[in-house]
Amino acid sequence: MMHKKFAHRLLLQISPPNEHIVLNDPWRPWWQRYQPISYKLCSRSGSENELRDMISRCNKVGVNIYVDVVINHMCRAGGGEGTHSSCGSWFNASKKDFPSVPYSHLDFNNYKCRTASGNIENYGDKYQVRDCRLVSLLDLALEKDYVRSKVADYMNSLIDMGVAGFRVDATKHMWPGDLEAVYSRLHNLNTSWFPGGSRSFIFQEVIDLGGEAISSSEYFHLGRVTEFKYGAKLGTVFRKWDNEKLCYTKNWGEGWGFMPNGNALVFVDNHDNQRGHGAGGASIVTFWDSRLHKMAVGYMLAHPYGVTRVMSSYRWNRNIVNGKDQNDWMGPPSHGNGSTKPVTINPDQTCGDGWVCEHRWRQIKNMVIFRNVVNGQPQSNWWDNQSNQVAFGRGNRGFIVFNNDDWDLDVTLSTGMPGGTYCDIISGQKEGNRCTGKQIQVGGDGRAHFRISNRDEDPFVAIHAESKL
C-alpha cells in the first residue's frame, strides 16, 4: 500500500506503455493500447527513453506515476500477423505466437475455457469470466509460473524506473490467487524516490455493480478496488434523475451500499465509461457536461470517502445515433503517422489542440488543493434544504456549499472555520493578499453568509484554511 510519507503527493495514471497492436489507418482507436503485443516499452506515446525521462522528471517535482498494466491478455484472436505493432515486433495472433515476450500457444487459456466460442458468454459463470476470452482478447494462463514471471518482470522493470504503483486492468478476469502470486514477486519501490521498504500502491479495475458472480470484495486483500457504483450514482444525483436529490447524500459512501472506505478508488468518470463503455450508463457526468462535471468532481474531492481520481481527457468528434456515439472509438489528437500530438498549453494554463485536461481547470485544480488541505479531517456541519442545496465541512479546515436547484441559495451557515476573510476557490482563488473571485466572511462564531445564484457559471463555493487572507 501507499507509504505515509508520500500519501499526499500528486499521483498520475498513464495509459499502458507497453508495445501494442497498431490498427489500420485512419482508425488508430484508443483501445489499441489495451491489446499488448509485448512488454517492450514503446507505445503510441513514445519510446522507453522518453518514458524513463518522464518518470524521472515527474518524481523530481513530487508527481508519482501509476502505470495502467494490461496483464490479463494479449491482442485479439483475429489480430492478424506481421509487424503492425508500436515497436515493429512480429507476432501471429492466430497461432498465439508473440516471440518478443516470448509467449506461445502453451501460455494461453486454450483448454480451460468451456464455451464453444472461446469467449465469455455468461457473466454469471465465474469460471468463464476468468478462463475465457474477454471480447476475443487472447487470455493468458496466469496460473503458469512462466507467465507469472513474465508479467512480474514487466511490472518490476517499471518499478525499477521509479513508478509508484499500478492500475491493474480487467482484474475481475483474473483469479485472485494468480494476482497474489504476481504481486508477491514485485520489487520494493526505487529508493531514489521513495523510503526504503515502500511497496507499490495497487488499484484494481473490478466492475461490480452488484448481481454478478464475481464481487469486488474478492480483491480487497490485494489492493484498492475501483468503485464503479460511485460515478454512476453521483451522476444520477447531479442530473436529478430517478427523483434523486443532493440532500440524500448526507450518508454518501458506505451508506449508499458502496464498498468500505478503506478499499475504494473512486472517480466521476474514466476513459471507458465517459464513452458509454464499461459501467455506469448515461448517468456518467463528463467534460461534455462541464458545469455538472465540475460540481460532481468538486463534491468527490471535498468528501472524505475513498482515494479519488480525476479524469483528464481529449475531445473527439461525437456522432450520437439512437443514444450511441458512433465515434466512441476515436484515439487522441494525433499526427498523420499515428503518433500522439504533444499537449498544447494555453496562456491561461488550460489545454488546446483537442486536449481537454480537466485536471488543469481552475475549479478542479483548486479542489485537489482543498482535498490535501482538509486531509484527515472528519465530515462535519452538514446542512441541506431537503432538495439540491447542501453544504458540509471538513473539521475546521474546509467548507463547501452547492446549489444544484433551479432557484437561488441565500443562507447563513455554521462552517466550523476560524473567523476571518476567505477566498472562494471556485469563482477565483487567493493570490497574494487578495481574492480573484468571491470573498467569504466567517464570523468569530464560525458562521458565514452564502449567496449562490442558480445562474452562476459554477453554482458552488469552497473555502479552506489556506485560502484565508
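1. Contact here means heavy atoms within 4.5 Å.

2. The structure is a predicted model: local features need pLDDT of at least 70, side-chain atom pairs count only at pLDDT 80 or more, and totals for chains, interfaces and linings use all residues. Residues are numbered from 1 along each chain as its sequence is written, and side-chain values use heavy atoms, with hydrogens and water left out.

3. R167 is found in strand β7, residues 165–168. Helices (H or I, at least four residues) and strands (E, at least two) are DSSP runs, numbered from the N terminus. R167 has a relative accessible area of 1% and is therefore buried; buried means under 20% relative accessible area, exposed over 50%, and partly exposed in between, with a 1.4 Å probe and protein chains only. The side chain of R167 makes a polar contact of 3.0 Å with that of D169 and a polar contact of 3.3 Å with that of E205. A polar contact is a pair of N or O atoms within 3.5 Å; within protein, one must be able to donate a hydrogen and the other to accept it, and residues adjacent in sequence count only if both atoms are side-chain atoms.

4. An unreviewed UniProt entry carries the annotation "domain: Alpha-amylase C-terminal" for residues 380–468. UniProt positions are given in the numbering used here, feature names are shortened, and annotations may be inferred rather than shown by experiment. Over residues 380–468 the chain is 0% helix and 52% strand. The end C-alpha atoms of this stretch are 19 Å apart.

5. An open sheet is formed by four strands in the order β16-β17-β18-β25, with antiparallel pairing. Its edge strands, each pairing on one side only, are β16 (379–384) and β25 (460–464). From one strand to the next the twist averages 10 degrees. Two strands pair if DSSP finds at least two bridges between them. Axes are lines fitted to C-alpha atoms, for helices over the stretch in contact, and angles run from 0 to 180 degrees between N-to-C directions.

6. Strand β18 (residues 398–403) is joined to β25 by five bridges, and the two run antiparallel. In this pairing, G398 stands opposite H464 in β25. Helix α6 (residues 290–302) packs on the sheet and touches β16, β17 (389–394), β18 and β25. The direction of α6 makes about 150 degrees with that of β18.

7. Four bridges pair β16 and β17 in the antiparallel sense, and Q379 stands opposite R394 in β17. The two strands β16 and β17 form a hairpin with four residues between them. Q386, in the turn, has a positive phi of about 65 degrees.

8. How many disulfides are there? The count comes to four, where a disulfide is a pair of cysteine sulfur atoms within 2.5 Å. With bonded cysteines counted along the chain, the pattern is 1-2, 3-4, 5-6, 7-8.

9. One of the disulfides is formed by C42 and C87, with sulfur atoms 1.5 Å apart. The torsion about their S-S bond is about 120 degrees, so this disulfide is right-handed. C42 lies in the loop between β1 (10–14) and α1 (48–60) and C87 in the loop between β4 (81–82) and β5 (91–92), so the pair ties together parts that are 45 residues apart in sequence. C42 is buried at 19% relative accessibility, whereas C87 is partly exposed at 27%.

10. C113 and C132 form another disulfide, their sulfur atoms 2.1 Å apart. This disulfide is right-handed because the torsion about the S-S bond is about 100 degrees. C113 is in the loop between β5 and α2 (126–131) and C132 in the loop between α2 and β6 (137–139), 19 residues apart. C113 is buried at 12% relative accessibility, and C132 is buried at 2%.

11. C423 and C435 are also joined by a disulfide, S to S 2.0 Å. Their link is left-handed, with -85 degrees about the S-S bond. C423 is in strand β20 (residues 420–423) and C435 in strand β22 (residues 434–435), 12 residues apart. Relative accessibility is 0% for C423, which counts as buried, and 10% for C435, which also counts as buried.

12. C58 is buried, with a relative accessible area of 16%.
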